[in-house]
Amino acid sequence: MANDAEERIIRTAAEDVKRAEALLKRHTEVTRAEITYELSLLVQSAKAAVDVAKCRGERLETLD
């Protein structure tokens, strides 16, 4: 169950990165609000991905 949740978090982060990259490619056409919104999503998913990495690291340390 934890692996499924972690996989969703990583998948979401990857999707957010793709959307942010696409937005940057057309930066002259987007509003400040659109950029701000996308950046907030990207920050949220990055934080979640970091949490996953920390948890996995802690689990790996307990296996040693």
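## A pair within helix H1

Glu-7 and Arg-11 both sit in helix H1, which covers residues 2-25. Four residues separate them, about one turn of the helix. In this predicted model, the two side chains form a salt bridge. Their closest N and O atoms are 3.1 Å apart.

Glu-7 is partly exposed, at a relative accessible area of 46%. Arg-11 is also partly exposed, at 39%.

## A second pair in H1

Asp-16 and Arg-19 belong to helix H1 as well. Here the spacing is three residues, again about one turn of the helix. Their side chains meet in a salt bridge, with an N to O distance of 2.3 Å.

Asp-16 has a relative accessible area of 5%, so it counts as buried, the cut-off being under 20%. Arg-19 is partly exposed, with a value of 37%.

## The link from H1 to H2

Which residue in helix H2 pairs with Arg-19? The partner is Glu-38. The salt bridge between Arg-19 and Glu-38 has its closest N and O atoms 3.3 Å apart. This pair links distant parts of the chain, 19 residues apart. Arg-19 lies in helix H1, while Glu-38 lies in helix H2, residues 32-63.

Glu-38 is buried, with a relative accessible area of 9%. Salt bridges with shared partners tie Asp-16, Arg-19 and Glu-38 into one network. Arg-19 bonds to Asp-16 and to Glu-38. In total, the structure holds four salt bridges. Side chains of opposite charge can pair when their charged atoms come close.

## Charge over the chain

The protein chain carries 11 positive and 13 negative side chains. The centres of the two sets lie 4 Å apart.

## Overall form

How many helices and strands does the protein chain have? It has two helices and zero strands. The radius of gyration is 15 Å, well over the 11 Å that the globule rule gives for 64 residues, so the chain is more spread out than a compact globule. Along the principal axes, the C-alpha atoms fill a box of roughly 50 × 15 × 15 Å.

## Burial and surface

Of the 64 residues, 16% count as buried. Asp-16 and Glu-38 are among them. The chain exposes about 5300 Å². Carbon and sulfur atoms supply 60% of that area.

Technical notes. Residues numbered from 1 in each chain as written. Predicted model: local features only at pLDDT ≥ 70, side-chain atom pairs only at ≥ 80, totals over all residues. Heavy atoms only, no water. Rg over C-alpha atoms; globule rule 2.2 N^0.38 Å. Buried < 20%, exposed > 50% of the residue type's maximum accessible area, 1.4 Å probe, protein only. Areas by Shrake-Rupley, 256 points an atom, 1.4 Å probe, with all protein chains shown as cover. Lys, Arg positive; Asp, Glu negative; His and termini not counted. Charge placed at Lys NZ, Arg CZ, Asp CG, Glu CD.
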